[in-house]
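Hi everyone, thanks for coming.

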Amino acid sequence: MDRIVIRGGKKLYGTIRVSGAKNAALPILCATLLSDGASLLRNVPKLRDIDTTAALLRFLGRHVEVDAPLVRVTEANGDVRPEAPYELVKQMRASVLVLGPLLARYGRAKVSLPGGCQIGSRPVDQHLKGLEAMGAKIELRRGYIVAESGRLRGAEVVFDIPTVTGTENLMMAAALAKGRTTLVNCAREPEVEELGRVLNKMGARVDGAGTDVIHIHGADTLDPFDHAIVSDRIEAGTYMVAVAAAGGDVLIEGAPLEDLEAVVAKMRKAGVEIGREGSAVRVRRENAPLRAVDVTTAPHPGFPTDMQAQFMVLMCLAEGPSRIVETIFENRFMHVPELRRMGADIDVDGHTAHVNGGLPLSGAQVMATDLRASASLVIAGLVAADETQVLRVYHLDRGYEHMERKLAAVGADTVRMTGSGD
Ligand code: EPZ
């Protein structure tokens, strides 16, 4: 397995270009199941999760050409096997996003229950509740969701909890349902809004995507589409924190600042200079000390859970105590034991991490566990004295395109060692 070797202490200068948004590309790839013909996705990031989704679409009977940043999806040979097997779904729980499209298009679907993952149990009860309200008969059989329906019919669905992929699954199901569907208490993430734009291009009528109430008028058939994916706000935020932590002055091109307001506010409060320059964002911290700032994660537009681990590293460098509360997932502090091994002083009490910042970090061999925890360990390595080795970077490769190269291009001493043991 690959590892990334980092020698800390270098400030960062130059330009970083943000790739397309993983969490927008995944549902949009699944939306290709809703129509025939050739759909073209542009600005798709070169990531493991994209390859996994392509493999799943091929298993379902689609022809998929991945030539990042382009992905072309066409009908393969007519016969469709609306099944998503465990061996594919276990690699990426977002595979559950094929459930809505398969049910809407083919009236049946057999999708492995995604199961939990490192950060939590990750149930899909809200997805299933919504599809049943639209007329689906759903059973759970030997670890699989087995669903059948005639043509789905529009319904009113009130989510008990805002769920990003739950909202997306039901939007796609409703896009081919008969009549009008109203989704209430929806996730408001920009990636949900982006899916709405694509479904409208396909011929559905989606109003309100990106707000907490979405109306969808289903169509009888939907057209293929050509769409350029928005930039990845979490990748952008990750590099903004990396510059703030290491120090320096970096222009981040393609950073959707308007989708990062909660993160920008907290970083500015911590003493980081952040300014827009056209469609780019300049992040600068030369010698200003970092200030301790409390953060509580929340659904968009609150502080994103996907930025919690990265921001915690910044607070390890700030003078004094700070509190980081994780409200979305039940177990998203796996980066804490690894940061402690690098010298950080962090106490976890349930959903709250108490960071006593200002202690020097020292390099160590650390283990990546989930996507964003891996990113936080790389950021810590940029600052720690001596050498840090981040192992099992396949976690990182799920959501970050060549992170070690993008950081090296702005002066970091980061190299990938391929196939070196664990
Ligand atoms: C999406 O996951 C993202 N993944 C996650 O990004 C992100 O962390 C998460 O949203 C929260 O913003 C993709 O978009 C592919 P949720 P998702 O359903 O949709 C509970 C990354 O790092 N819930 O919004 O799976 C759930 O347990 C990944 O890129 C139910 O109880 O998250 C959680 O506590 C990690 N029942 C909360 O809702 C359900 O039916 C929010 O989860 C669904 C969710």
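Let's start with a question: does Phe303 count as buried or exposed? Keep in mind that what you're looking at is a predicted model. Okay, Phe303 has a relative accessibility of 3%, so it counts as buried; the cut-off for that is under 20%. Phe311 is buried too, with its relative accessible area at 0%.

Those residues bring us to the rings. The structure holds one aromatic pair. It's made by Phe303 and Phe311: their ring centres are 5.4 Å apart and the planes sit at 75°, so we call the pair edge-to-face.

Now, charges over rings. Have a look at Arg81, which lies over the face of Phe59, 3.8 Å from the ring centre. Then there's Lys110, whose charged end sits over the ring of Tyr144, at 4.9 Å from its centre.

On to a sheet. Here we have four strands in an open sheet, ordered β22-β23-β1-β24, and the pairing is mixed. The edges are β22 (365-367) and β24 (413-417); each has a single partner strand, so one side of each is left without a neighbour in the sheet. On average, and ignoring direction, neighbouring strands here are turned by 20° against each other.

Zooming in, β1 (residues 3-7) pairs with β23 (residues 387-391) in the antiparallel sense, over five bridges.

Note on methods. Residues numbered from 1 in each chain as written. Predicted model: local features only at pLDDT ≥ 70, side-chain atom pairs only at ≥ 80, totals over all residues. Heavy atoms only, no water. Phe/Tyr/Trp six-rings, centres within 6.5 Å; stacked < 30°, edge-to-face > 60°. Buried < 20%, exposed > 50% of the residue type's maximum accessible area, 1.4 Å probe, protein only. Lys NZ or Arg CZ within 6 Å of the ring centre and 35° of its normal. Pairing = 2+ DSSP bridges. Helix = DSSP H or I, 4+ residues; strand = E, 2+ residues; numbered from the N terminus. Axes fitted to C-alpha atoms, helices over the stretch in contact; angles between N-to-C directions.
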